[in-house]
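Please look over the sequence and the 3D structure below. A short walk through its parts follows.

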Amino acid sequence: MEVKARAPGKIILAGEHAVVHGSTAVAAAIDLYTYVTLRFPLQAAAENNDRLTLQLKDLSLEFSWSVSRLKEVIPFDSNTSSPSTPASCSGETLKSIAVLVEEQNIPEEKIWLSSGISTFLWLYTSIRGFNPATVIITTELPYGSGLGSSAAFCVALTSALIASSISDKTHREGWCSLDETNLELLNKWAFEGEKIIHGKPSGIDNTVSAYGNMIKFCSGEITRLQSNMPLRMLITNTKVGRNTKALVSGVSERTVRHPDAMKSVFNAVDSISKELAAIIQSKDQISVTEKEESIKELMEINQGLLQSMGVSHSSIDTVIRTTLKHKLTSKLTGAGGGGCVLTLLPTVVSGTVVDKAVEELESYGFQCFTASIGGNGAEICF
Ligand SMILES: Nc1ncnc2c1ncn2[C@@H]1O[C@H](COP(=O)(O)OP(=O)(O)OP(=O)(O)O)[C@@H](O)[C@H]1O
Ligand SMILES: C[C@@](O)(CCO)CC(=O)[O-]
Ligand SMILES: [Mg+2]
């Protein structure tokens, strides 16, 4: 039996980091996906092949465990664990899983994959139990760059795992979405996966990857947004590696040191996100140009506040300065510390201006691309 799933990456238009502390944020899915193929051996073959194998095709890496080894190491608690009731991975279980990951001798330069592989083992065994399979993963997203690679990985994996348990596997042409009940379930599991990778995720990344489109998100509450204006963004990958978990905990530490000051910063971000959501959805007769001017200013203020949270980086400053020379406004997206930067491309801006800005950005070794904003969320294919 074979099941495929895909889940998109995302951009955060406003509110990253502050959303972890209860502020509103606005995010949109982009048309870059992580794909998961799940293959279960036929009964007879399963008797000869009792392995769970994970292939990360883009990285030419393969990890494999015998099912008996998984059973021996991962504690299975039948009282708390069931595929239909997402549960957190306890510290003790995570330690056991880390032993299984260490046994795989991940190349030193790819050691950042460890948390992803631990997450894979936790989600797979929690949802599908100790059963042999081959899981193949490919992605169009840059790893650890602010475009939600971790969330797309968790959502695509949980979609495939949950789809494999659906009884009606009638072949349908192309990708199809999951029903609301399964979407809610896979999103909860993906959030548990994100906890292993991020430490303290807000849940916005897995939610926008699961549901797609554009969302306003605050303390787990989701409002789906209907954009009433064209929104074009240039995405610049500074290629400076960083890790969301470390950046999120850095902001939390700053908040412990300066609670009042940071509360004001988070309140300001909350207002920015709400205003941005209102502009995007507005049906007033305000011209697109006026809306874009407001969005530009909100992005500028948000970037200043992200700077004050300590999550910007000199490479991000270089992108901001370079685009500003061409009268374009930028802000970091995702966790910051390097990674990707968004630049608003107003409708009036000419292709020549964008080309010049891109040329200059690429001369610094950055990579520029555009992506379609607000597309589909998680989808499956039998
Ligand atoms: N396709 C994948 N296969 C395996 N692990 C992955 C994959 N994609 C992401 N990961 C895991 O997620 C980690 C990157 O997650 P991280 O949250 O730091 O960055 P991001 O999700 O790309 O950016 P942001 O959280 O700012 O949007 C990787 O180090 C890896 O452990
Ligand atoms: C930095 C952060 O706000 C967004 C990462 O894409 C973390 C989170 O919300 O989980
Ligand atoms: Mg992430």
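Glutamate 379 is found in strand S13. Strands (E, at least two residues) and helices (H or I, at least four residues) are DSSP runs, numbered from the N terminus. This is a predicted model: local features need pLDDT of at least 70, side-chain atom pairs count only at pLDDT 80 or more, and totals for chains, interfaces and linings use all residues. Residues are numbered from 1 along each chain as its sequence is written, chains are lettered from A and ligands numbered from 1 in the order in which they are written, and side-chain values use heavy atoms, with hydrogens and water left out.

Is glutamate 379 buried or exposed? Glutamate 379 is buried, with a relative accessible area of 7%. Buried means under 20% relative accessible area, exposed means over 50%, and partly exposed lies in between (1.4 Å probe, protein chains only). The side chain of glutamate 379 also makes a polar contact with the side chain of asparagine 376, at 2.9 Å. A polar contact is a pair of N or O atoms within 3.5 Å; within protein, one must be able to donate a hydrogen and the other to accept it, and residues adjacent in sequence count only if both atoms are side-chain atoms.

Strand S13 (residues 379-381) leads on to strand S1. Three bridges join S13 to S1, and the two run antiparallel. Two strands pair if DSSP finds at least two bridges between them. Alanine 5 has isoleucine 380 in S13 as its bridge partner. S1 is also joined to strand S2 (residues 25-39), by 11 bridges, again antiparallel. There, lysine 10 is partnered by alanine 29 in S2.

Lysine 10 brings us to ligand 1. A polar side-chain atom of lysine 10 lies 2.6 Å from an oxygen atom of ligand 1. For histidine 198, a polar side-chain atom lies 2.7 Å from an oxygen atom of the ligand. Alanine 335 takes part through a backbone N or O atom, 3.0 Å from an oxygen atom of ligand 1. Taken alone, ligand 1 exposes 630 Å², and the protein buries 96% of that. These accessible areas come from the Shrake-Rupley method with a 1.4 Å probe; for residues, only the protein chains shown count as cover.

Which residues coordinate the magnesium ion (ligand 3)? Ser150 (OG) and His198 (NE2) do, at 2.2 to 2.4 Å. Serine 150 sits in helix H5 (residues 149-163) and histidine 198 in helix H6 (residues 180-198), so the pair, 48 residues apart, links distant parts of the chain. Donors are N, O and S atoms within 2.8 Å of the metal (3.2 Å for Na, K and Ca); water is not among the atoms, so sites may look incomplete. Serine 150 counts as buried at 13% relative accessibility. Histidine 198 is buried too, at 8%.

Five of its five residues are buried, so S11 is largely enclosed by the rest of the structure. In a regular strand the side chains alternate between the two faces of the sheet. Cys340, Leu342 and Leu344 point one way from S11, and Val341 and Thr343 the other way. Five bridges join S11 to strand S9 (residues 233-237), antiparallel. Isoleucine 235 stands opposite leucine 342.
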